[in-house]
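Reader: I have a chain to look at and some questions about it. Can we go through them one at a time?

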Amino acid sequence: MLKIKTTKKLIIAGVAAMLMSNSAIAAEMTLKLGHLANEQNAWHKAAVKFGEELSSLTDGRIDVQVFPNETLGKEVDLINGMQLGSVDMTITGETLQNWAPMAALLAVPYAYATLEDMDAVADGEIGDKIEQQILEKARIRPIAYFARGPRNLTSSRAIKSPDDLNGLKLRVPNVPLFVDVWKSLGAQPTPMAFSEVFTSLQAGTIDAQENPLALIDSASFYEVQKFVNKTEHVRSWIYLTISDITWGKLSDADKDAVMEAAKRAQAYERGLFTADEDRLTKELQDKGMTFVEVDKQAFAQKAKAAVLANVSDEIRPIVENLFAK
């Protein structure tokens, strides 16, 4: 009996070892993809989709490990790691202007009136130039882009035109461009850490803040703000990127597979993004917030001079053309 049990254990152990060995052989390359979003975010879901598609397209030879919530490092650290070859992939956006000035075009106030306008730039000649400069200067390769929810102004009173902003104490990120734009519009912008915004709104230290719907919801601003004023003052996108060092290790066939998987992930993310914006609008309305249509053209025209004064000489002609459209 003892001999039979021992034989069974050896067989089971042998099968397990064989399965592990086959799994190790199947994945010839593992790509580490780190990003800052949480597991519920569309970017994370699209990153997981990319990994699934790439594994399918390469018959399991390339595996993608996705690390959300900055568990593999903060955004700048991940970019630095990709330049050194210790990280393979990340999702990043206008932060890349620290290396490639044209990346500032990813988030210029009032440069893109609609999602279609933004797509025309990201998918067109200007987008190609941005991606080429990122590759040359930062040594990471954009392979797909994801939409970001437009930034909207929340407040305790309805804001329909720039005139309604007079005296409004508004929290903004510590970005000179944002500060100057809101000053030009007539508000009183106050740079402040995001972690301090809710309590400052609650205490009345500030009257308003601006962020995409996803953050308005997740930060529970509906508890201390009544209105979502649809300023949509910043539309932007963010790139799914791969280290050029990692790219150089891929065969031509695997490079094709990476690009195809990225294309599928981009389409998947867009579907999630559209559904998410619709869902968030309804949920915030159900939580008591009123959505206000604003005179976007009036906002854009009044912000134009401040925007042009804050962008670099390299991209100013492009921004002027975008405003002209």
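This is a predicted model: local features need pLDDT of at least 70, side-chain atom pairs count only at pLDDT 80 or more; totals for chains, interfaces and linings use all residues.

Reader: How many helices and strands does the protein chain have?
Author: Helices (H or I, at least four residues) and strands (E, at least two) are DSSP runs, numbered from the N terminus. The C-alpha trace spans about 85 × 45 × 30 Å along its principal axes. The protein chain has 12 helices and nine strands.

Reader: What percentage of the 325 residues is buried?
Author: Buried means under 20% relative accessible area, exposed over 50%, and partly exposed in between (1.4 Å probe, protein chains only). In the protein chain of 325 residues, the buried share is 47%.

Reader: What share of the contacts with a separation of 6 or more joins residues 24 or more positions apart?
Author: A contact means heavy atoms within 4.5 Å. Among contacts with a separation of 6 or more, residues 24 or more positions apart account for 74%.

Reader: How many residues of strand β4 are buried?
Author: Strand β4 covers residues 140-155 and is mostly covered. Of its 16 residues, the buried ones number 14.

Reader: Which residue of β8 is the bridge partner of R151?
Author: Two strands pair if DSSP finds at least two bridges between them. β4 and strand β8 (residues 227-243) pair in the antiparallel sense over 12 bridges. In β8, the partner of R151 is V234.

Reader: And which residue of β7 is the bridge partner of L153?
Author: Strand β7 takes in residues 208-211, and β4 pairs with it in the antiparallel sense over four bridges. In β7, the partner of L153 is E210.

Reader: What angle lies between the planes of Y145 and W237?
Author: Rings of Phe, Tyr and Trp (its six-membered ring) pair if their centres lie within 6.5 Å; planes under 30 degrees apart count as stacked, over 60 as edge-to-face and the rest as tilted. The structure holds four aromatic pairs. One of them is Y145 with W237, edge-to-face at 6.4 Å centre to centre, with an angle between the planes of 65°.

Reader: How many residues apart are Y145 and W237, which link distant parts of the chain?
Author: Y145 is buried at 4% relative accessible area, and W237 is buried at 0%. Y145 sits in strand β4 and W237 in strand β8, and their separation is 92 residues.

Reader: Why is the pair of F194 and F221 edge-to-face?
Author: F194 is in the loop between β6 (188-191) and α7 (197-203), and F221 is in the loop between α8 (213-218) and β8. F194 is partly exposed at 33% relative accessibility, whereas F221 is buried at 1%. Their ring centres are 5.9 Å apart, and the pair is edge-to-face because the planes stand at 70°.

Reader: Which residues do ring pairs link into a cluster?
Author: A pair of aromatic rings is described by the distance of the centres and the angle of the planes. Here ring pairs link a cluster of Y112, Y145, W237 and Y239.

Reader: At what distance apart are the axes of α6 and α11?
Author: Axes are lines fitted to C-alpha atoms, for helices over the stretch in contact, and angles run from 0 to 180 degrees between N-to-C directions. Helix α6 (residues 176-185) and helix α11 (residues 296-310) pack at an angle of about 140°. Their axes are apart by 8 Å.

Reader: Which residues of α11 does α6 meet?
Author: On the α6 side are P176, L177, D180, V181, S184 and L185. They meet, in α11, F299, K302, A303, A306, V307 and N310.

Reader: Where is E70, and is it buried or partly exposed?
Author: Phi of E70 is near 60°, a positive value in a residue other than glycine. E70 is in the loop between β2 (62-67) and α3 (75-84). At 34% relative accessibility, E70 is partly exposed.

Reader: Which residues does E53 contact, leaving aside neighbours within four places in sequence?
Author: E53 lies in helix α2 (residues 42-57). E53 is buried at 13% relative accessibility. With those neighbours left aside, the contacts of E53 are A261 and R264.

Terms used: Residues are numbered from 1 along each chain as its sequence is written. Side-chain values use heavy atoms; hydrogens and water are left out.
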